[in-house]
Amino acid sequence: MNLKTVDTAGSNSMHAQPDTHPDPQVRPYLDIHEQGREALPGERVEWHANWRHGCLQRFADQGFPTLRDEEWRYTSVRPILSKRFAPAEDSGLMPDSSAYRIEGIAHTLVFVDGIMQGPAAPLGMDAGIRVDSISRVLENDPERIRPYLGKSAEERAHGFSLMNNALYRDGVLVEIGQGVRSDAPLELLFVSRTDAALILPRILIVARNNSVARIVERHVSETGTSSLTSGVGELYLEPGAHLDYHLVESQSDSAFQVSGNWAYLSRDSRLDFHTTTVGGALVRNDLVIDMQEPGAQCNLMGAYCLSGRQHVDNFTTVVHSAPHCSSNEHYKGVLDRRSRAVFHGRIRVAPDAQQTDAQQANNTLLLSPDAEIDTKPQLEIYANDVKCSHGATIGNLDEQAMFYLKSRGIDGDKARLMLIRAFVDEVLEAVGPDSVQQHVKALMDSKLSRLPISTKSG
């Protein structure tokens, strides 16, 4: 894997403020940095503090994305910028995580408003898996993460990810040792407790040679919480590693979430990345996969169910940088009332990436004439020996299938629910292990049961 150390040349500028006149929307977050700078992790580590300052400067210069930015042309962040968010105080009180527990998951690390609760070490994980707080690593052994932390800042960073880089207060480092094979998933549970909280999760996963592991990243809210979660995850898979990753977003319908995940795949490694979204007023998921060496493969699966005025934007980029790599991407959505979804899937095949196999599909059900999907599958192919395809479908329920079910004595509302669930199940069935699959299916069923199915035509 070609890793480059993140550093900033020149004198130590860790205490300098950005030399600019930022957008008024950015100014409050620069003030948060200035007021809490001394308490930020890694502030006394020169390379890290300089990196933070560089991100802060870029954030001040670049600001938040707007509709003029091509990659955000269908998603306005005005609802986020109309509110003010700030880091919540750490109350030191653990939430009753049993209310959010998934049966069958034994290892759960809890974050409240973005702050890790309790020590990471006593999780009882399999031998060879190390879990630690990034703040503790920066204090005790910062060189351990120097080759990895912050590479995402170099690639397609927008204002939200730069804000995370500059302001994050805590995070988790998961190192999966060489040859370790673990079927027991590690859950990272993020609980939004405080209204108007600015939550900045930082996740760093390093999967060593020929390791196998499962990670579940789950976001929930206490009742009615309106918070902003702006997370960054960096996943590094060494040769032969296999990582099964699940992102489950079920925050309150008044919460905002912007998630960015960057993954770097080495020779013969494999990443299975599943995204399930049922909550949030506005959700944006950026996922960038760079297959850097031959034989790498990734499978990206997504399911989203929206109602009311919810908005979800899935923006994926799969880069085939080396030959003999494969990718398969399939996202399915169900939209009701005035909800809106955006799917932009980009596959880029580099000139030397011969023998590439890349497949992509986005399928959406619109259950209301007021629901809307903007979908843009995209291929950029610079090699000539490849097998690539992409496609999208948009429609309502199959009337012939509805007629068939009703002719068998099935009530119309129940028939609709059966067809919608069958539509989404094609993606959900790819989720593993069984405990996580049952959980995401239950979330989807709960969401579907609240849709006003009986008001639909047909």
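# A tour of a predicted model

Start by selecting arginine 202 and tyrosine 168: the charged end of arginine 202 sits over the ring of tyrosine 168, 5.5 Å from its centre. The model on screen is a predicted one. Next, select lysine 151 and tyrosine 264. Here the charged end of lysine 151 lies over the ring of tyrosine 264, at 4.4 Å from the ring centre.

Select residues 46–62, which make up helix 2, and residues 159–167, which make up helix 5. Their axes come within 8 Å and cross at roughly 145 degrees. The crossing of helix 2 with helix 5 is left-handed.

**Aromatic pairs between strands**

How many aromatic pairs are there? The count comes to 10. Two of the pairs are worth a stop.

For one of them, select phenylalanine 111 and phenylalanine 190. These rings are stacked, with 4.5 Å from centre to centre and 20 degrees between the planes. Phenylalanine 111 belongs to strand 1 (residues 107–112) and phenylalanine 190 to strand 5 (residues 186–192), so the pair ties together parts that are 79 residues apart in sequence.

Tyrosine 245 is in strand 10 (residues 242–250) and phenylalanine 273 in strand 12 (residues 270–277), so the pair ties together parts that are 28 residues apart in sequence. Both residues are buried.

**Backbone exceptions**

Most residues other than glycine have a negative phi, and most peptide bonds are trans.

Go to aspartate 113, in the loop between strand 1 and strand 2 (115–116). Its phi is near 50 degrees, a positive value in a residue other than glycine. Aspartate 113 is buried, with 4% relative accessible area.

Then go to aspartate 268, in the loop between strand 11 (256–265) and strand 12. Phi of aspartate 268 is positive as well, near 60 degrees.

Finally for the backbone, select glycine 432 and proline 433. A cis peptide bond joins them, with omega about 5 degrees. Proline 433 is in the loop between helix 7 (412–428) and helix 8 (434–449).

**Last stop: valine 349**

Select valine 349 in strand 17, which covers residues 340–349. Valine 349 has 0% relative accessibility and counts as buried.

What is valine 349 in contact with, leaving aside its neighbours within four places in sequence? Display His320, Thr356, Glu380, Ile381, Tyr382, Ala383, Val386 and Cys388 to see these contacts. For glutamate 380, check the spacing in the viewer: glutamate 380 is 31 residues from valine 349 in sequence, but 6.1 Å from valine 349 in space, C-alpha to C-alpha.

How values were computed:
Residues are numbered from 1 along each chain as its sequence is written. This is a predicted model: local features need pLDDT of at least 70, side-chain atom pairs count only at pLDDT 80 or more; totals for chains, interfaces and linings use all residues. Side-chain values use heavy atoms; hydrogens and water are left out. Axes are lines fitted to C-alpha atoms, for helices over the stretch in contact, and angles run from 0 to 180 degrees between N-to-C directions. Helices (H or I, at least four residues) and strands (E, at least two) are DSSP runs, numbered from the N terminus. A crossing is left-handed if the near helix is turned anticlockwise from the far one by less than a right angle, and right-handed if clockwise. Rings of Phe, Tyr and Trp (its six-membered ring) pair if their centres lie within 6.5 Å; planes under 30 degrees apart count as stacked, over 60 as edge-to-face and the rest as tilted. Buried means under 20% relative accessible area, exposed over 50%, partly exposed in between (1.4 Å probe, protein chains only). A charge sits over a ring if NZ of Lys or CZ of Arg is within 6 Å of the ring centre and within 35 degrees of the ring normal. Contact means heavy atoms within 4.5 Å.
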